[in-house]
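Please look over the sequence and the model below. The report that follows takes up the core, the ligand site and some backbone details in turn.

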Amino acid sequence: MVQGRGQGEAVSLRSNSIPVTRSSLPPFEEYCREIKELWETRWLTNRGEKHFLLERALESCLNVRCVSLFVNGHSALECALEALGIGRDGRDEVITTPFTFASTTNAIVRKGLQPVFADIYRGNCTIDVASVESLVTERTGAIMPVHVYGNICDVDSLERLARKFDLKLIYDAAHAFGACVGDRSVASYGDASVFSFHATKIFNSIEGGAVCYSDPNLRAVLERFANFGLSEDGEIAYPGGNAKLNEFSAAMGLCNLRHFDEELEKRERAVKRYQQRLGGLRAITLCGDGGFSDPYFSYMPIAVDSAYPASARDELFRRLAEYGIKTRKYFYPLTSESSYIADSAPAKSTPVAFDMSRRVLTLPLYADLTTSDVDRVCDALLDALGKIDTATIGIGIDE
Ligand SMILES: *Cc1c(COP(=O)(O)O)cnc(C)c1O
């Protein structure tokens, strides 16, 4: 599984190496204070006090009417598809992007739905709305776009399209926690916006996720899907699974939320330094450019210029690793290239996504990354680019 990720990647084996990501934690004492009462109440999971407090805190901080918590972002995606009844009227196709983490496509397929892959914009890697429209058929039931890297999709055009064809709109907003379009929270778009609070995300509850929505009737339905399909009076209303967030995770969420502004500030500082050092280069493009919103600070994606052969990206990845700098080929391969899908959906039907997946690399970014760390990454990157044979390519790295 090439696209694999996890804590293994976040832990650097060499003491002087720079990991691609590093989880943020609150001060130890603060977390201890937060979980202390759990020893008295012995209420460890099943919608306890911390769970309730975190939901309300997120509704206020994300400025959205309703938040329901889940054990992780993936389960939140699956429950959103179920709760919104996608496929129940026979329209079982979901138009989505292949330029995303495996979870987005897996959620669609695991719910018995058909993913249909639209292409992406070259500039910010979000779903191309014209491509989405060209794929709408009488079988289309929903659109599932991704605010990839925290770059916000063309939300207004997608909303118009969903309304025109009577489609549900579910955003995979796993990368965009806390982002806004102008003054409007990204969490308030679509029929639902889904977040991940995984340890490697910009806001974490160790594992965790949320569905944000504005129709209060959805709350009970979502909660049932997260708790074996049981209704309040114990009736088994749906074949639901178990996707409940436990109190220790909710407590971590409450602590990290208090430090979220600080987290953003630190990440912004690192991103600004990257932009300063790498912004003018001919050899690479920075893909973190908002396009439809302000730039965000979840990831630091770059793309190798099309004048280079696509193999240049892999060479950069390898050379940076030699310098002790971990990067990620994020997103490579496309989810449409997964072995269970590739036959029916040739990845080359989305040529921009296919090409970008061969050119992108995400550089280290986390709150504790210092300016001198960023400089070390940039020095190494420039050195590695210089060693890639510019003579045969015929351009200089900073022309
Ligand atoms: C992290 C992520 C998910 C899944 O979230 P988990 O909390 O890890 O289950 C889904 N979609 C995208 C785009 C992600 O990056």
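## Nonpolar cores

The largest nonpolar core has 74 residues, and Leu54, Leu58, Phe177, Phe195, Tyr274 and Leu381 touch the most other members. A nonpolar core here is a set of buried Ala, Val, Leu, Ile, Met, Phe, Trp, Tyr and Cys residues joined through side-chain atoms within 4.5 Å. Helix H14 (residues 371–387) gives the largest share of this core, 7 residues. Helices (H or I, at least four residues) and strands (E, at least two) are DSSP runs, numbered from the N terminus. Apart from this core lies another, of 27 residues, among them Cys66, Ala83, Ala192 and Tyr213.

This is a predicted model: local features need pLDDT of at least 70, side-chain atom pairs count only at pLDDT 80 or more, and totals for chains, interfaces and linings use all residues. Residues are numbered from 1 along each chain as its sequence is written, and side-chain values use heavy atoms, with hydrogens and water left out.

## Helix H14

Leu381 is in contact with Leu278, Ile284, Ile302, Leu316, Leu320 and Leu363, leaving aside its neighbours within four places in sequence. Contact means heavy atoms within 4.5 Å. Leu385 is also in helix H14. Leu385 counts as buried because its relative accessibility is 0%. The cut-offs are under 20% relative accessible area for buried, over 50% for exposed, and partly exposed in between (1.4 Å probe, protein chains only). The C-alpha atoms of Leu385 and Arg110 are separated by 41 Å, and the two residues are 275 apart along the chain.

## The ligand site

The ligand is surrounded by 16 residues, and the closest are Gly73, Asp172, His175, Ser196 and Lys201. A residue counts as near if one of its heavy atoms lies within 4 Å. By class, this shell has 3 nonpolar, 10 polar and 3 charged residues. Ala, Val, Leu, Ile, Met, Phe, Trp, Tyr, Cys and Pro count as nonpolar, Asp, Glu, Lys and Arg as charged, and the others, Gly among them, as polar.

Polar atoms of the protein reach the ligand at several points. A polar side-chain atom of Asp172 lies 2.7 Å from a ligand nitrogen. A side-chain N or O atom of Ser196 is 2.7 Å from a ligand oxygen. A backbone N or O atom of His74 lies 2.8 Å from an oxygen atom of the ligand. The protein covers 96% of the 380 Å² of accessible area that the ligand has on its own. Accessible areas come from the Shrake-Rupley method with a 1.4 Å probe; for residues, only the protein chains shown count as cover. Helix H5 (73–83) and helix H6 (102–110) are the elements that give two or more residues to the shell.

## Helix H5

H5 is largely enclosed by the rest of the structure, because 10 of its 11 residues are buried. Among the buried residues of H5 are Gly73, Ser75, Glu78 and Glu82. At the start of H5, a side-chain oxygen of Asn72 comes within 3.2 Å of the backbone nitrogen of His74. Gly85 follows H5 and has a positive phi, near 70°.

## His175

His175 sits in the loop between S5 and strand S6 (180–181). His175 is buried, with a relative accessible area of 6%. Its side chain reaches the backbone nitrogen of Tyr149 at 2.8 Å. The side chain of His175 also makes a polar contact with the side chain of Tyr330 (3.5 Å). A polar contact is a pair of N or O atoms within 3.5 Å; within protein, one must be able to donate a hydrogen and the other to accept it, and residues adjacent in sequence count only if both atoms are side-chain atoms. Leaving aside neighbours within four places in sequence, the contacts of His175 include His147, Lys201, Tyr296 and Phe331.

## Backbone details

Most residues other than glycine have a negative phi, and most peptide bonds are trans. The peptide bond from Tyr330 to Phe331 is cis, with omega near 20°. Another cis bond joins Tyr332 and Pro333, with omega about -5°. Phe331 is in the loop between helix H12 (311–322) and helix H13 (351–359).

Asp166 has a positive phi, near 55°. Asp166 counts as exposed, at 55% relative accessibility. Phe228 has a positive phi, near 60°, and is partly exposed, with a relative accessible area of 39%.
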